[in-house]
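Notebook open, model loaded. I want to jot down how the chains are built and where they meet.

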Amino acid sequence: MKRLFRTSYVKAGLTFIIALILLMVLRNPYYVGILIFLGINIIITIGLSLLMGYAGQISLGQAAFYGIGAYTTGILTTKLHVPIILSFPMSVLLTVFIAFIVGIPTLRLRGHYLAMATLGLGEIVHIVFNELISLTGGPSGFGNIPLIRIFGIELDNDYKYYVFVWAIVALIIFLSLNIINSRIGRALKAIHKEPTTASTLGINTSRVKLYIFTLGAGYAGIAGFLYAHYITFLSPGSFSLGFSVLLVTMVAVGGMENIWGAIIGTTVLTILPEYLRFFHDFDILIYGVILMAIMMLRPEGLYGIKIPLKRIRTND
Amino acid sequence: MTDILTVRNVSKSFGGLKAITDLSTGVREGSITAIIGPNGAGKTTLFNLISGIYKPDCGSILFKDKRIDTLKPYIIPYLGIARTFQKLSVFPNMNVLENVMVGRYPLSCSGFFTCALNLKKYREEEKDIREKALFWLSFMSIEHIWDKKIREIPFEKQRLVEITRAIASEPELILLDESAAGLNITETKNLIDAIYKIRELGKTVLVVEHDMDLIMEISDTIIVLNFGEKIAEGLPKDIQGNERVISVYLGKEAIK
(Lines give C-alpha, C1' and ligand atoms only; values in the text may rest on other atoms or scores of the structure.)
Protein backbone atom coordinates (compact mmCIF):
# COMPACT_ATOMS: atom_id res chain seq x y z
CA MET A 1 0.00 0.00 0.00
CA LYS A 2 2.77 2.38 0.95
CA ARG A 3 4.54 1.46 -2.24
CA LEU A 4 1.46 2.26 -4.27
CA PHE A 5 1.51 5.82 -2.97
CA ARG A 6 5.02 6.22 -4.30
CA THR A 7 4.04 5.72 -7.92
CA SER A 8 3.75 8.70 -10.19
CA TYR A 9 0.19 7.75 -11.25
CA VAL A 10 -1.07 7.96 -7.69
CA LYS A 11 0.78 11.16 -6.83
CA ALA A 12 -0.48 12.93 -9.93
CA GLY A 13 -3.99 11.54 -9.42
CA LEU A 14 -4.08 12.65 -5.79
CA THR A 15 -3.00 16.16 -6.77
CA PHE A 16 -5.91 16.32 -9.19
CA ILE A 17 -8.37 14.99 -6.61
CA ILE A 18 -7.17 17.51 -4.01
CA ALA A 19 -7.59 20.27 -6.60
CA LEU A 20 -11.17 19.09 -7.24
CA ILE A 21 -11.97 18.97 -3.53
CA LEU A 22 -10.61 22.52 -3.19
CA LEU A 23 -12.95 23.57 -5.99
CA MET A 24 -15.94 22.08 -4.14
CA VAL A 25 -14.97 23.80 -0.91
CA LEU A 26 -14.17 27.21 -2.42
CA ARG A 27 -17.23 28.18 -4.36
CA ASN A 28 -15.97 31.76 -4.46
CA PRO A 29 -15.09 32.74 -8.07
CA TYR A 30 -12.34 35.05 -6.88
CA TYR A 31 -10.47 32.19 -5.20
CA VAL A 32 -11.05 29.92 -8.18
CA GLY A 33 -9.44 32.56 -10.39
CA ILE A 34 -6.39 32.70 -8.14
CA LEU A 35 -6.10 28.91 -8.15
CA ILE A 36 -6.21 28.83 -11.96
CA PHE A 37 -3.23 31.18 -11.95
CA LEU A 38 -1.61 29.02 -9.30
CA GLY A 39 -1.95 25.98 -11.56
CA ILE A 40 -0.48 27.86 -14.53
CA ASN A 41 2.44 29.08 -12.42
CA ILE A 42 3.04 25.58 -11.04
CA ILE A 43 3.39 24.22 -14.56
CA ILE A 44 6.20 26.71 -15.19
CA THR A 45 7.94 26.26 -11.83
CA ILE A 46 7.97 22.46 -12.04
CA GLY A 47 9.96 22.80 -15.25
CA LEU A 48 12.21 25.38 -13.64
CA SER A 49 12.79 23.22 -10.56
CA LEU A 50 13.89 20.32 -12.76
CA LEU A 51 16.44 22.67 -14.26
CA MET A 52 17.53 24.34 -11.00
CA GLY A 53 17.33 21.46 -8.58
CA TYR A 54 18.44 18.63 -10.79
CA ALA A 55 20.66 20.15 -13.47
CA GLY A 56 21.96 22.98 -11.29
CA GLN A 57 21.25 25.65 -13.89
CA ILE A 58 19.19 28.83 -13.61
CA SER A 59 16.98 30.22 -16.35
CA LEU A 60 15.91 33.85 -16.26
CA GLY A 61 13.93 33.43 -19.45
CA GLN A 62 10.97 31.37 -18.25
CA ALA A 63 8.65 34.37 -18.61
CA ALA A 64 9.84 34.72 -22.20
CA PHE A 65 9.01 31.07 -22.98
CA TYR A 66 5.68 31.58 -21.24
CA GLY A 67 5.15 34.64 -23.43
CA ILE A 68 6.21 32.86 -26.62
CA GLY A 69 3.70 30.11 -25.91
CA ALA A 70 0.94 32.63 -25.18
CA TYR A 71 1.61 34.98 -28.10
CA THR A 72 2.03 32.16 -30.62
CA THR A 73 -1.33 30.61 -29.85
CA GLY A 74 -2.89 34.05 -29.50
CA ILE A 75 -1.67 35.30 -32.87
CA LEU A 76 -2.39 32.01 -34.63
CA THR A 77 -5.96 31.77 -33.40
CA THR A 78 -6.99 35.42 -33.75
CA LYS A 79 -5.05 36.67 -36.78
CA LEU A 80 -4.74 33.46 -38.79
CA HIS A 81 -7.82 31.64 -37.46
CA VAL A 82 -5.89 28.45 -36.87
CA PRO A 83 -7.94 25.97 -34.82
CA ILE A 84 -6.82 25.57 -31.21
CA ILE A 85 -6.08 21.90 -31.67
CA LEU A 86 -3.28 22.95 -34.05
CA SER A 87 -2.21 26.13 -32.30
CA PHE A 88 -1.46 24.17 -29.13
CA PRO A 89 1.29 21.93 -30.56
CA MET A 90 2.59 24.79 -32.69
CA SER A 91 3.00 27.16 -29.75
CA VAL A 92 4.68 24.50 -27.60
CA LEU A 93 6.97 23.39 -30.43
CA LEU A 94 8.06 26.94 -31.18
CA THR A 95 8.91 27.47 -27.49
CA VAL A 96 10.88 24.23 -27.39
CA PHE A 97 12.67 25.11 -30.62
CA ILE A 98 13.76 28.54 -29.37
CA ALA A 99 14.94 27.02 -26.07
CA PHE A 100 16.87 24.42 -28.02
CA ILE A 101 18.67 27.08 -30.08
CA VAL A 102 19.55 29.08 -26.96
CA GLY A 103 20.54 25.97 -25.03
CA ILE A 104 22.90 24.34 -27.54
CA PRO A 105 25.81 26.76 -27.17
CA THR A 106 25.25 27.81 -23.56
CA LEU A 107 24.78 24.41 -21.95
CA ARG A 108 28.13 23.22 -23.26
CA LEU A 109 29.76 25.66 -20.88
CA ARG A 110 30.10 25.22 -17.16
CA GLY A 111 28.90 27.97 -14.87
CA HIS A 112 25.88 30.19 -15.09
CA TYR A 113 26.02 31.10 -18.75
CA LEU A 114 22.50 29.83 -19.22
CA ALA A 115 21.23 32.45 -16.77
CA MET A 116 22.91 35.18 -18.82
CA ALA A 117 21.76 33.88 -22.18
CA THR A 118 18.16 33.48 -21.03
CA LEU A 119 18.25 36.93 -19.44
CA GLY A 120 19.15 38.30 -22.88
CA LEU A 121 16.50 36.19 -24.55
CA GLY A 122 13.89 37.52 -22.12
CA GLU A 123 14.73 41.10 -23.06
CA ILE A 124 14.71 40.35 -26.79
CA VAL A 125 11.32 38.64 -26.57
CA HIS A 126 9.94 41.51 -24.53
CA ILE A 127 11.14 44.03 -27.13
CA VAL A 128 9.61 41.96 -29.95
CA PHE A 129 6.26 41.88 -28.14
CA ASN A 130 6.40 45.66 -27.74
CA GLU A 131 7.63 46.62 -31.19
CA LEU A 132 6.07 44.13 -33.59
CA ILE A 133 2.88 46.14 -33.43
CA SER A 134 1.21 44.69 -36.55
CA LEU A 135 1.12 41.24 -34.96
CA THR A 136 1.27 41.80 -31.21
CA GLY A 137 -0.52 45.09 -30.87
CA GLY A 138 2.56 46.55 -29.17
CA PRO A 139 2.43 47.72 -25.55
CA SER A 140 -1.36 47.82 -25.51
CA GLY A 141 -1.60 44.18 -26.57
CA PHE A 142 -4.44 42.42 -28.34
CA GLY A 143 -7.55 40.53 -27.34
CA ASN A 144 -10.44 38.40 -28.51
CA ILE A 145 -8.48 35.17 -28.23
CA PRO A 146 -11.01 32.33 -28.61
CA LEU A 147 -11.92 29.99 -25.76
CA ILE A 148 -10.83 26.39 -25.69
CA ARG A 149 -13.39 23.81 -26.73
CA ILE A 150 -12.71 20.16 -25.95
CA PHE A 151 -15.04 17.20 -26.53
CA GLY A 152 -17.72 19.70 -27.54
CA ILE A 153 -17.56 21.57 -24.23
CA GLU A 154 -16.56 25.21 -24.37
CA LEU A 155 -14.45 26.20 -21.37
CA ASP A 156 -16.44 29.38 -20.88
CA ASN A 157 -16.35 29.72 -17.12
CA ASP A 158 -13.73 29.59 -14.40
CA TYR A 159 -14.94 26.28 -12.96
CA LYS A 160 -14.53 24.41 -16.21
CA TYR A 161 -11.19 26.08 -16.89
CA TYR A 162 -10.02 25.23 -13.37
CA VAL A 163 -10.61 21.51 -13.96
CA PHE A 164 -8.83 21.71 -17.33
CA VAL A 165 -5.77 23.52 -15.92
CA TRP A 166 -5.41 21.19 -12.95
CA ALA A 167 -5.76 18.11 -15.13
CA ILE A 168 -2.77 19.42 -17.08
CA VAL A 169 -0.92 20.16 -13.84
CA ALA A 170 -1.48 16.53 -12.82
CA LEU A 171 -0.19 15.36 -16.20
CA ILE A 172 2.92 17.53 -15.84
CA ILE A 173 3.53 16.13 -12.35
CA PHE A 174 3.17 12.61 -13.74
CA LEU A 175 5.69 13.21 -16.55
CA SER A 176 8.15 15.01 -14.29
CA LEU A 177 8.11 12.36 -11.57
CA ASN A 178 8.73 9.67 -14.16
CA ILE A 179 11.74 11.54 -15.48
CA ILE A 180 13.13 12.17 -11.99
CA ASN A 181 12.90 8.50 -11.06
CA SER A 182 14.43 7.30 -14.32
CA ARG A 183 18.00 6.94 -15.48
CA ILE A 184 17.73 10.49 -16.89
CA GLY A 185 16.79 11.79 -13.44
CA ARG A 186 19.73 10.03 -11.83
CA ALA A 187 22.00 11.40 -14.56
CA LEU A 188 20.75 14.90 -13.77
CA LYS A 189 21.38 14.49 -10.06
CA ALA A 190 24.86 13.21 -10.86
CA ILE A 191 25.60 16.18 -13.12
CA HIS A 192 24.40 18.58 -10.44
CA LYS A 193 26.90 17.31 -7.84
CA GLU A 194 29.90 16.04 -9.84
CA PRO A 195 29.82 16.90 -13.56
CA THR A 196 33.23 15.36 -14.30
CA THR A 197 32.39 12.11 -12.56
CA ALA A 198 29.05 12.03 -14.34
CA SER A 199 30.78 12.23 -17.70
CA THR A 200 33.15 9.39 -16.84
CA LEU A 201 30.04 7.31 -16.11
CA GLY A 202 28.85 7.72 -19.68
CA ILE A 203 26.55 10.70 -19.23
CA ASN A 204 26.67 13.28 -22.00
CA THR A 205 26.28 16.18 -19.61
CA SER A 206 25.54 18.97 -22.07
CA ARG A 207 22.96 16.89 -23.90
CA VAL A 208 21.06 15.87 -20.76
CA LYS A 209 21.08 19.47 -19.54
CA LEU A 210 19.81 20.61 -22.92
CA TYR A 211 16.95 18.09 -22.76
CA ILE A 212 15.83 19.22 -19.33
CA PHE A 213 16.09 22.89 -20.27
CA THR A 214 13.95 22.45 -23.37
CA LEU A 215 11.48 20.37 -21.35
CA GLY A 216 11.17 23.23 -18.84
CA ALA A 217 10.69 25.68 -21.70
CA GLY A 218 8.03 23.39 -23.17
CA TYR A 219 6.18 23.42 -19.84
CA ALA A 220 6.35 27.22 -19.85
CA GLY A 221 4.96 27.18 -23.40
CA ILE A 222 2.03 25.02 -22.25
CA ALA A 223 1.44 27.45 -19.37
CA GLY A 224 1.48 30.34 -21.84
CA PHE A 225 -1.11 28.58 -23.98
CA LEU A 226 -3.34 28.09 -20.94
CA TYR A 227 -2.90 31.72 -19.93
CA ALA A 228 -3.75 33.09 -23.39
CA HIS A 229 -7.01 31.14 -23.67
CA TYR A 230 -8.03 31.96 -20.12
CA ILE A 231 -7.43 35.72 -20.08
CA THR A 232 -8.14 36.03 -23.85
CA PHE A 233 -6.06 39.20 -23.88
CA LEU A 234 -2.26 39.52 -24.08
CA SER A 235 0.07 42.41 -23.39
CA PRO A 236 3.86 42.40 -22.85
CA GLY A 237 3.61 43.41 -19.19
CA SER A 238 2.75 39.85 -18.09
CA PHE A 239 6.00 38.43 -19.53
CA SER A 240 8.65 40.72 -18.09
CA LEU A 241 11.96 39.93 -16.45
CA GLY A 242 10.27 40.62 -13.12
CA PHE A 243 8.05 37.58 -13.64
CA SER A 244 11.06 35.40 -14.55
CA VAL A 245 12.76 36.43 -11.33
CA LEU A 246 9.56 35.75 -9.37
CA LEU A 247 9.45 32.22 -10.82
CA VAL A 248 13.05 31.55 -9.79
CA THR A 249 12.19 32.92 -6.33
CA MET A 250 9.21 30.58 -6.08
CA VAL A 251 11.43 27.57 -6.71
CA ALA A 252 14.12 28.80 -4.32
CA VAL A 253 11.62 29.55 -1.55
CA GLY A 254 9.89 26.20 -1.91
CA GLY A 255 13.05 24.18 -2.13
CA MET A 256 14.93 22.74 -5.08
CA GLU A 257 15.27 19.22 -3.70
CA ASN A 258 12.22 18.01 -5.60
CA ILE A 259 9.22 19.22 -7.57
CA TRP A 260 6.97 19.41 -4.49
CA GLY A 261 9.22 22.21 -3.25
CA ALA A 262 8.42 24.15 -6.41
CA ILE A 263 4.72 23.51 -5.86
CA ILE A 264 4.88 24.72 -2.26
CA GLY A 265 6.94 27.80 -3.16
CA THR A 266 4.59 28.72 -5.98
CA THR A 267 1.56 28.28 -3.74
CA VAL A 268 3.03 30.46 -1.00
CA LEU A 269 4.16 33.23 -3.33
CA THR A 270 0.94 33.21 -5.36
CA ILE A 271 -1.41 33.28 -2.37
CA LEU A 272 0.68 35.49 -0.05
CA PRO A 273 0.25 38.77 -1.99
CA GLU A 274 -3.53 38.28 -1.87
CA TYR A 275 -3.46 38.24 1.92
CA LEU A 276 -0.99 41.11 2.09
CA ARG A 277 -3.42 43.43 0.30
CA PHE A 278 -4.77 44.07 3.78
CA PHE A 279 -1.64 46.17 4.49
CA HIS A 280 -2.28 48.43 1.47
CA ASP A 281 0.90 50.29 0.53
CA PHE A 282 3.07 48.34 2.92
CA ASP A 283 2.38 44.99 1.27
CA ILE A 284 5.59 44.91 -0.80
CA LEU A 285 7.64 45.70 2.32
CA ILE A 286 6.12 42.87 4.32
CA TYR A 287 6.41 40.54 1.33
CA GLY A 288 10.13 41.32 1.19
CA VAL A 289 10.59 40.73 4.92
CA ILE A 290 8.82 37.35 4.69
CA LEU A 291 11.00 36.29 1.75
CA MET A 292 14.15 37.37 3.59
CA ALA A 293 13.08 35.54 6.72
CA ILE A 294 12.46 32.32 4.77
CA MET A 295 15.81 32.49 3.03
CA MET A 296 17.68 33.27 6.26
CA LEU A 297 15.97 30.73 8.48
CA ARG A 298 15.52 28.02 5.90
CA PRO A 299 17.92 28.48 2.98
CA GLU A 300 17.15 25.02 1.57
CA GLY A 301 13.52 26.02 1.07
CA LEU A 302 10.19 25.32 2.70
CA TYR A 303 9.86 21.73 1.48
CA GLY A 304 10.32 19.18 4.25
CA ILE A 305 10.12 21.78 7.00
CA LYS A 306 9.20 20.27 10.34
CA ILE A 307 6.49 22.39 11.84
CA PRO A 308 7.36 22.56 15.55
CA LEU A 309 4.04 20.93 16.53
CA LYS A 310 5.96 17.72 17.12
CA ARG A 311 8.31 19.38 19.56
CA ILE A 312 5.42 20.82 21.50
CA ARG A 313 3.83 17.42 21.72
CA THR A 314 6.97 15.70 23.00
CA ASN A 315 7.45 18.43 25.60
CA ASP A 316 4.09 17.67 27.18
CA MET B 1 48.53 -12.57 -22.97
CA THR B 2 47.92 -9.45 -25.00
CA ASP B 3 47.83 -5.87 -23.85
CA ILE B 4 44.31 -4.55 -23.34
CA LEU B 5 45.58 -1.01 -22.95
CA THR B 6 48.57 0.48 -24.73
CA VAL B 7 50.06 3.88 -24.04
CA ARG B 8 52.33 5.09 -26.84
CA ASN B 9 54.73 8.00 -26.41
CA VAL B 10 52.22 10.06 -24.48
CA SER B 11 53.15 13.51 -23.22
CA LYS B 12 50.99 15.96 -21.32
CA SER B 13 51.95 19.28 -19.84
CA PHE B 14 50.01 21.95 -18.03
CA GLY B 15 51.58 25.27 -18.94
CA GLY B 16 55.24 24.87 -18.09
CA LEU B 17 54.70 21.79 -15.94
CA LYS B 18 55.42 18.51 -17.65
CA ALA B 19 53.03 16.06 -16.02
CA ILE B 20 53.85 13.14 -18.30
CA THR B 21 56.82 12.92 -20.67
CA ASP B 22 57.01 10.42 -23.53
CA LEU B 23 55.37 7.58 -21.62
CA SER B 24 54.99 4.20 -23.28
CA THR B 25 53.61 1.20 -21.48
CA GLY B 26 50.99 -1.50 -21.65
CA VAL B 27 48.52 -3.24 -19.37
CA ARG B 28 48.10 -6.97 -19.85
CA GLU B 29 44.59 -8.31 -20.16
CA GLY B 30 43.35 -9.92 -16.96
CA SER B 31 46.19 -8.59 -14.83
CA ILE B 32 46.30 -6.40 -11.78
CA THR B 33 48.71 -3.65 -12.71
CA ALA B 34 49.82 -0.97 -10.29
CA ILE B 35 51.16 2.47 -11.02
CA ILE B 36 53.29 3.86 -8.24
CA GLY B 37 55.49 6.87 -7.77
CA PRO B 38 55.97 9.85 -5.49
CA ASN B 39 53.45 12.69 -5.32
CA GLY B 40 53.31 14.61 -8.57
CA ALA B 41 54.69 11.71 -10.60
CA GLY B 42 51.77 11.92 -13.02
CA LYS B 43 49.76 8.90 -11.89
CA THR B 44 46.38 10.59 -11.68
CA THR B 45 47.15 12.54 -14.86
CA LEU B 46 47.61 9.22 -16.63
CA PHE B 47 44.20 8.06 -15.32
CA ASN B 48 42.62 11.28 -16.51
CA LEU B 49 44.17 10.76 -19.94
CA ILE B 50 42.85 7.21 -20.16
CA SER B 51 39.36 8.23 -19.09
CA GLY B 52 39.29 11.10 -21.57
CA ILE B 53 39.16 13.98 -19.10
CA TYR B 54 42.49 15.26 -20.48
CA LYS B 55 43.70 14.95 -24.04
CA PRO B 56 47.37 14.06 -24.56
CA ASP B 57 49.59 16.73 -26.17
CA CYS B 58 51.15 14.02 -28.29
CA GLY B 59 51.18 10.25 -28.45
CA SER B 60 48.22 7.91 -28.42
CA ILE B 61 46.31 5.61 -26.10
CA LEU B 62 44.83 2.39 -27.43
CA PHE B 63 42.21 0.20 -25.79
CA LYS B 64 41.86 -3.17 -27.47
CA ASP B 65 43.79 -1.76 -30.43
CA LYS B 66 41.41 1.16 -30.86
CA ARG B 67 42.46 4.74 -30.29
CA ILE B 68 40.62 6.25 -27.37
CA ASP B 69 42.64 9.40 -26.65
CA THR B 70 40.55 11.42 -29.10
CA LEU B 71 37.22 10.41 -27.59
CA LYS B 72 35.02 12.44 -25.25
CA PRO B 73 34.97 11.22 -21.63
CA TYR B 74 31.33 10.09 -21.85
CA ILE B 75 32.15 7.72 -24.73
CA ILE B 76 34.89 5.88 -22.82
CA PRO B 77 32.57 3.92 -20.45
CA TYR B 78 30.67 2.54 -23.43
CA LEU B 79 33.89 0.84 -24.60
CA GLY B 80 34.32 -0.91 -21.26
CA ILE B 81 36.48 1.30 -19.08
CA ALA B 82 35.33 2.42 -15.64
CA ARG B 83 37.16 4.37 -12.97
CA THR B 84 37.09 5.68 -9.44
CA PHE B 85 38.54 8.93 -8.16
CA GLN B 86 41.34 9.76 -5.76
CA LYS B 87 39.14 12.42 -4.28
CA LEU B 88 36.21 10.11 -3.58
CA SER B 89 33.37 11.04 -5.88
CA VAL B 90 30.02 9.57 -4.89
CA PHE B 91 26.76 11.46 -5.23
CA PRO B 92 25.50 12.72 -1.86
CA ASN B 93 22.05 13.53 -3.29
CA MET B 94 21.30 9.85 -3.94
CA ASN B 95 21.24 6.75 -1.80
CA VAL B 96 23.67 3.85 -2.14
CA LEU B 97 21.52 1.87 -4.56
CA GLU B 98 20.87 4.90 -6.78
CA ASN B 99 24.59 5.64 -6.89
CA VAL B 100 25.24 2.15 -8.18
CA MET B 101 22.29 2.44 -10.58
CA VAL B 102 24.00 5.46 -12.16
CA GLY B 103 26.81 3.04 -13.01
CA ARG B 104 24.39 1.15 -15.24
CA TYR B 105 23.83 4.26 -17.39
CA PRO B 106 25.98 3.11 -20.33
CA LEU B 107 24.17 -0.25 -20.38
CA SER B 108 20.66 1.22 -20.58
CA CYS B 109 19.05 3.15 -23.37
CA SER B 110 15.57 4.45 -22.43
CA GLY B 111 15.24 7.90 -23.89
CA PHE B 112 13.57 11.00 -22.57
CA PHE B 113 10.07 10.25 -23.80
CA THR B 114 10.15 6.57 -22.91
CA CYS B 115 10.99 7.59 -19.35
CA ALA B 116 8.53 10.48 -19.15
CA LEU B 117 5.59 8.43 -20.39
CA ASN B 118 6.43 5.49 -18.12
CA LEU B 119 6.30 3.08 -21.06
CA LYS B 120 6.66 -0.64 -20.56
CA LYS B 121 10.14 -0.69 -22.11
CA TYR B 122 11.29 1.85 -19.56
CA ARG B 123 9.71 0.02 -16.61
CA GLU B 124 11.32 -3.25 -17.61
CA GLU B 125 14.69 -1.64 -18.11
CA GLU B 126 14.41 0.19 -14.79
CA LYS B 127 13.65 -3.10 -13.05
CA ASP B 128 16.68 -4.67 -14.70
CA ILE B 129 18.92 -1.75 -13.68
CA ARG B 130 17.71 -2.13 -10.11
CA GLU B 131 18.25 -5.88 -9.99
CA LYS B 132 21.72 -5.67 -11.50
CA ALA B 133 22.69 -2.86 -9.12
CA LEU B 134 21.55 -4.99 -6.17
CA PHE B 135 23.52 -7.90 -7.57
CA TRP B 136 26.74 -5.86 -7.72
CA LEU B 137 26.10 -4.52 -4.22
CA SER B 138 25.89 -8.07 -2.93
CA PHE B 139 28.94 -9.00 -4.98
CA MET B 140 30.85 -6.36 -3.02
CA SER B 141 29.12 -7.51 0.21
CA ILE B 142 27.49 -4.16 0.91
CA GLU B 143 23.90 -5.00 -0.07
CA HIS B 144 22.75 -4.43 3.53
CA ILE B 145 23.31 -0.67 3.22
CA TRP B 146 21.49 -0.24 -0.11
CA ASP B 147 18.90 2.23 1.18
CA LYS B 148 21.30 4.39 3.22
CA LYS B 149 22.11 7.97 2.33
CA ILE B 150 25.73 8.52 1.40
CA ARG B 151 26.44 10.71 4.41
CA GLU B 152 25.05 8.07 6.77
CA ILE B 153 27.71 5.50 5.89
CA PRO B 154 31.40 5.47 6.90
CA PHE B 155 34.16 6.57 4.57
CA GLU B 156 35.31 3.02 3.81
CA LYS B 157 31.80 2.06 2.64
CA GLN B 158 31.66 5.16 0.47
CA ARG B 159 34.83 3.97 -1.25
CA LEU B 160 33.24 0.57 -1.78
CA VAL B 161 30.10 2.20 -3.19
CA GLU B 162 32.27 4.07 -5.68
CA ILE B 163 34.02 0.84 -6.71
CA THR B 164 30.64 -0.94 -6.96
CA ARG B 165 29.35 1.86 -9.18
CA ALA B 166 32.36 1.35 -11.46
CA ILE B 167 32.02 -2.43 -11.55
CA ALA B 168 28.25 -2.20 -12.13
CA SER B 169 28.94 -0.87 -15.62
CA GLU B 170 30.57 -4.28 -16.28
CA PRO B 171 33.79 -2.85 -17.65
CA GLU B 172 36.70 -4.86 -18.98
CA LEU B 173 39.22 -2.46 -17.54
CA ILE B 174 38.69 -0.82 -14.18
CA LEU B 175 40.87 2.03 -12.92
CA LEU B 176 41.12 2.42 -9.15
CA ASP B 177 42.69 5.70 -8.06
CA GLU B 178 44.10 5.38 -4.52
CA SER B 179 41.18 3.41 -3.22
CA ALA B 180 43.06 2.47 -0.05
CA ALA B 181 43.79 6.07 0.94
CA GLY B 182 42.33 6.76 4.37
CA LEU B 183 41.47 3.14 5.12
CA ASN B 184 42.74 1.26 8.19
CA ILE B 185 44.33 -2.20 8.09
CA THR B 186 41.16 -4.30 8.22
CA GLU B 187 39.44 -2.04 5.72
CA THR B 188 42.41 -2.32 3.36
CA LYS B 189 42.20 -6.10 3.74
CA ASN B 190 38.55 -6.00 2.64
CA LEU B 191 39.54 -3.84 -0.30
CA ILE B 192 42.22 -6.34 -1.36
CA ASP B 193 39.62 -9.12 -1.25
CA ALA B 194 37.33 -7.03 -3.38
CA ILE B 195 40.07 -6.37 -5.97
CA TYR B 196 40.83 -10.10 -6.17
CA LYS B 197 37.15 -10.83 -6.68
CA ILE B 198 37.00 -8.30 -9.51
CA ARG B 199 40.01 -9.91 -11.16
CA GLU B 200 38.44 -13.35 -10.83
CA LEU B 201 35.66 -12.09 -13.11
CA GLY B 202 38.31 -11.82 -15.78
CA LYS B 203 38.53 -8.05 -15.58
CA THR B 204 41.73 -6.08 -15.85
CA VAL B 205 42.48 -3.86 -12.88
CA LEU B 206 44.76 -0.85 -13.03
CA VAL B 207 45.46 0.73 -9.64
CA VAL B 208 47.22 3.84 -8.48
CA GLU B 209 48.26 3.31 -4.93
CA HIS B 210 50.49 4.63 -2.16
CA ASP B 211 50.10 1.68 0.18
CA MET B 212 53.21 -0.39 -0.60
CA ASP B 213 52.12 -3.51 1.30
CA LEU B 214 48.92 -3.58 -0.72
CA ILE B 215 50.78 -3.03 -3.99
CA MET B 216 53.32 -5.75 -3.38
CA GLU B 217 50.61 -8.19 -2.38
CA ILE B 218 48.15 -7.75 -5.19
CA SER B 219 49.92 -6.61 -8.33
CA ASP B 220 51.17 -8.76 -11.17
CA THR B 221 53.06 -5.88 -12.73
CA ILE B 222 54.20 -2.57 -11.32
CA ILE B 223 54.90 0.57 -13.33
CA VAL B 224 56.95 3.20 -11.52
CA LEU B 225 56.66 6.84 -12.52
CA ASN B 226 58.77 9.77 -11.40
CA PHE B 227 58.26 13.35 -12.63
CA GLY B 228 56.13 12.04 -15.49
CA GLU B 229 58.66 9.51 -16.74
CA LYS B 230 58.60 5.76 -16.43
CA ILE B 231 61.65 4.67 -14.49
CA ALA B 232 60.86 0.99 -14.02
CA GLU B 233 58.34 -1.68 -14.94
CA GLY B 234 58.26 -5.28 -13.82
CA LEU B 235 57.27 -7.87 -11.26
CA PRO B 236 56.87 -6.73 -7.65
CA LYS B 237 60.02 -8.54 -6.50
CA ASP B 238 62.10 -6.91 -9.24
CA ILE B 239 60.75 -3.48 -8.41
CA GLN B 240 61.54 -3.96 -4.72
CA GLY B 241 65.19 -4.49 -5.57
CA ASN B 242 65.42 -1.86 -8.32
CA GLU B 243 68.01 0.76 -7.39
CA ARG B 244 66.44 3.64 -9.24
CA VAL B 245 63.12 3.00 -7.55
CA ILE B 246 64.72 2.88 -4.12
CA SER B 247 66.63 6.09 -4.77
CA VAL B 248 63.45 7.85 -5.88
CA TYR B 249 61.54 6.78 -2.82
CA LEU B 250 64.24 6.95 -0.14
CA GLY B 251 66.98 9.17 -1.58
CA LYS B 252 70.34 8.18 -3.09
CA GLU B 253 72.01 7.53 0.27
CA ALA B 254 69.71 4.60 0.95
CA ILE B 255 71.44 2.49 -1.70
CA LYS B 256 74.88 2.69 -0.16
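**Entry 1: chain A overall.** First reminder to myself: this is a predicted model. I counted elements in chain A and got 14 helices and two strands. The C-alpha trace spans about 65 × 50 × 45 Å along its principal axes. I then checked the radius of gyration: a compact globule of 316 residues would come out near 20 Å, and chain A has 20 Å, so the two agree. Buried residues account for 47% of the 316 in chain A. I also looked at contacts in chain A with a separation of 6 or more, and 76% of them link residues 24 or more positions apart.

**Entry 2: one helix in chain A.** How far apart are the end C-alpha atoms of helix H3 (residues 62-78) of chain A? I get 24 Å, and that agrees with the 24 Å that its 17 residues should span at 1.5 Å a residue. Next I looked at burial, taking 20 or more other C-beta atoms within 10 Å as the cut-off for buried. In H3(A), 17 of the 17 residues are buried, so the helix is largely enclosed by the rest of the structure.

**Entry 3: chain B overall.** Chain B has ten helices and ten strands. Its radius of gyration is 19 Å, close to the 18 Å from the globule rule for 256 residues, so chain B is as compact as a globular protein of that length. The box around its C-alpha atoms is roughly 70 × 40 × 35 Å along the principal axes. I find 43% of the 256 residues of chain B buried. For contacts in chain B with a separation of 6 or more, 66% are between residues 24 or more positions apart.

**Entry 4: a sheet in chain B.** I traced an open sheet of four strands in chain B, with antiparallel pairing and the order E2-E1-E4-E5. Which strands stand at the edges? They are strand E2 (17-28) and strand E5 (66-67) of chain B; each has a single partner strand, so one side of each is left without a neighbour in the sheet. Strand E1 (residues 3-14) of chain B runs antiparallel to E2(B), and eight bridges join them. I noted two positions along this pair: Asp3(B) has Arg28(B) as its bridge partner, and Val7(B) stands opposite Thr25(B). The hairpin of E1(B) and E2(B) has two residues between the strands, and there Gly15(B) takes a positive phi near 65°.

**Entry 5: domains of chain B.** Chain B divides into domain 1 (1-80 + 172-190 + 199-256) and domain 2 (81-170). Their contact takes 20 residues from domain 1 of chain B and 14 residues from domain 2 of chain B. On the domain 1 side, helix H1 (43-50), helix H2 (76-79) and strand E7 (173-177) of chain B each supply at least two residues. E7(B) gives the most to that side, with five residues. I sorted the domain 1 side by type: twelve nonpolar, five polar and three charged. The domain centres, over C-alpha atoms, are 26 Å apart.

**Entry 6: chain B against chain A.** Here 29 residues of chain B are in contact with 23 residues of chain A. H2, helix H3 (96-102), helix H4 (112-116) and helix H5 (120-139) of chain B each supply at least two residues of the chain B side. That side divides into 19 nonpolar, seven polar and three charged residues.

How values were computed
Residues numbered from 1 in each chain as written. Chains lettered and ligands numbered in written order. Predicted model: local features only at pLDDT ≥ 70, side-chain atom pairs only at ≥ 80, totals over all residues. Expected span 1.5 Å × (residues − 1). Buried ≥ 20, exposed ≤ 12 C-beta atoms within 10 Å, placed from the backbone. Domains from an automatic or database assignment. Contact = placed C-beta atoms within 7 Å. Nonpolar A, V, L, I, M, F, W, Y, C, P; charged D, E, K, R; others polar. Rg over C-alpha atoms; globule rule 2.2 N^0.38 Å. Pairing = 2+ DSSP bridges.
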